[in-house]
Amino acid sequence: MIIGVIIILVIIIILLMVYNISIYKKIESFNNLNQKITGLNVLQDFMDTISECTSVTEKFNKINEILIERYQIKYSTIVVYDGAEYTIKASNVEQKHWENLRSLQSEEIFQDSIQTATPKYITVENENERLPYQKMEFGRAKSAMFFPLYVENVYIGYWIIEGQKPHEFDNIDTTILEVVRNNIVSVLRTVNNQAIIENIVRDDKFSSLKSEEYLYADGRKIIDKYTTSTICLFRIINLEDINEEFGRNIGNEIITKVAEVVKQNLSEEYVFVRYMGPKFAIVFSGIDIQAVGNFMGEIKRQVEEIEVPSSDQEKEDDGDKKVAKPKINVIISTYYKGTALEGAMRKLEEYVDKADKQESDINYL
């Protein structure tokens, strides 16, 4: 009888073990599914962030915030080589540690990870130890995962996440994190052209206006607050003649005065840039095309009243100084948010470039 009871107990224990294993696998499966759902949500947030009209820096900071929030990571840092040095694109670590964090490619502990393009997980065994790459700090991080970043087999930097506890990332799904790593690379590739545009924006010497590139960088953030806007391009049609007859100094003064007259009539919500040479562009954010047409009629009148006298040596037959007066040709069109602003501006440019050299009017496209 005792043997029978023992056998029954053994069977019960075995059944309980099988049940516990089954429950554990279901929980593990649920956790993996949960992480995959989180991963998909993160990817969607990435896509939304990329499509937002923000600067490259803002994009990366937003992406880093998403990673920290969704994966409950204590610290996350994205480091990229910009062609001259390694720079931190985004990090929630105190800035005093950035010099160390942007030099991890030199640490021996990560060399094999960089060479093999595989993640590297390091951790300490107890609270009294420090991670190998830590210099000044001691208690900030106890676990870290290092993900090298590659674009077409070229190493461009890394993403590192850090935790405050030993073995904090032991059970994390690295497959999902590698997908996230790949999408960080996709973001880098996507915003690369935007970064180039942001870096080549210049202030024009004579008009004190931003260059054309500003339209497609910070200017677009203002423009795309509205569903529709009116875009305008105008050309000083006789600037070349003024330069030839009066000299380039007078031509430069004409540019300065034209910019001043237009700028003093514009709201801060309107984007005004020196487009190229004798051409200027204005985007009237959220304004109807007909209202802009009437406004530009008044601007045209004021601009063409500008007079810049020549030097003392150049006089008319009656003895008065010769005067340079600008004439402009204006083309206006509607811009719809989400469409190619650069394409719309090119159409306006084609029109003013091909128009008769004597045409001085308000035109609609």
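Predicted model: local features only at pLDDT ≥ 70, side-chain atom pairs only at ≥ 80, totals over all residues.
Student: What does the secondary structure come to?
Tutor: Helices and strands both occur in this protein. The total is ten helices and 13 strands.

Student: What percentage of the residues is buried?
Tutor: The protein has 365 residues. Buried means under 20% relative accessible area. By that cut-off, the buried part is 44%.

Student: What share of the contacts joins residues 24 or more positions apart?
Tutor: Take the contacts with a separation of 6 or more. Residues 24 or more positions apart account for 65% of them.

Student: Where is Ala-117 found, and is Ala-117 buried, partly exposed or exposed?
Tutor: Ala-117 has a positive phi, near 60 degrees, and is not a glycine. Ala-117 is in the loop between α4 (111-116) and β3 (120-123). Its relative accessibility is 32%. Between the 20% and 50% cut-offs, Ala-117 therefore counts as partly exposed.

Student: What is phi of His-167, and in which loop does His-167 lie?
Tutor: His-167 is another residue other than glycine with a positive phi, near 60 degrees. At 31% relative accessibility, His-167 is partly exposed. Its loop is the one between β5 (154-163) and α5 (174-200).

Student: At what angle do helices α8 and α9 cross, and with which hand?
Tutor: Two packed helices are described by the angle and the distance between their axes. Here α8 covers residues 248-263 and α9 covers residues 289-303, with axes that come within 10 Å. The angle is roughly 145 degrees. The crossing is right-handed.

Student: Which residues meet between α8 and α9, and how many are nonpolar, polar and charged?
Tutor: From α8 come Val-258, Val-261 and Val-262. From α9 come Ile-299, Gln-302 and Val-303. The residues of this contact divide into five nonpolar, one polar and no charged.

Student: How many salt bridges does the structure hold?
Tutor: Side chains of opposite charge can pair when their charged atoms come close. The cut-off is 4 Å from nitrogen to carboxyl oxygen. The count in this structure is 17.

Student: Are Asp-224 and Arg-220 buried or exposed?
Tutor: Their side chains meet in a salt bridge, 3.4 Å from N to O. Asp-224 and Arg-220 are both buried.

Student: How many residues apart are Lys-322 and Glu-245?
Tutor: Lys-322 forms a salt bridge with Glu-245, with the closest N and O atoms 3.0 Å apart. Lys-322 sits in the loop between β10 (308-309) and β11 (323-324), and Glu-245 in helix α7 (residues 239-246). Glu-245 is partly exposed at 41% relative accessibility. The pair links distant parts of the chain, 77 residues apart.

Student: What are the relative accessibilities of Glu-307 and Lys-325?
Tutor: These two side chains meet in a salt bridge of 3.7 Å, N to O. Glu-307 is in the loop between α9 and β10, and Lys-325 in the loop between β11 and β12 (328-336). Both count as partly exposed: Glu-307 at 47% and Lys-325 at 40%.

How values were computed
Residues numbered from 1 in each chain as written. Heavy atoms only, no water. Helix = DSSP H or I, 4+ residues; strand = E, 2+ residues; numbered from the N terminus. Buried < 20%, exposed > 50% of the residue type's maximum accessible area, 1.4 Å probe, protein only. Contact = heavy atoms within 4.5 Å. Axes fitted to C-alpha atoms, helices over the stretch in contact; angles between N-to-C directions. Left-handed = near helix turned anticlockwise from the far one by under 90°. Nonpolar A, V, L, I, M, F, W, Y, C, P; charged D, E, K, R; others polar.
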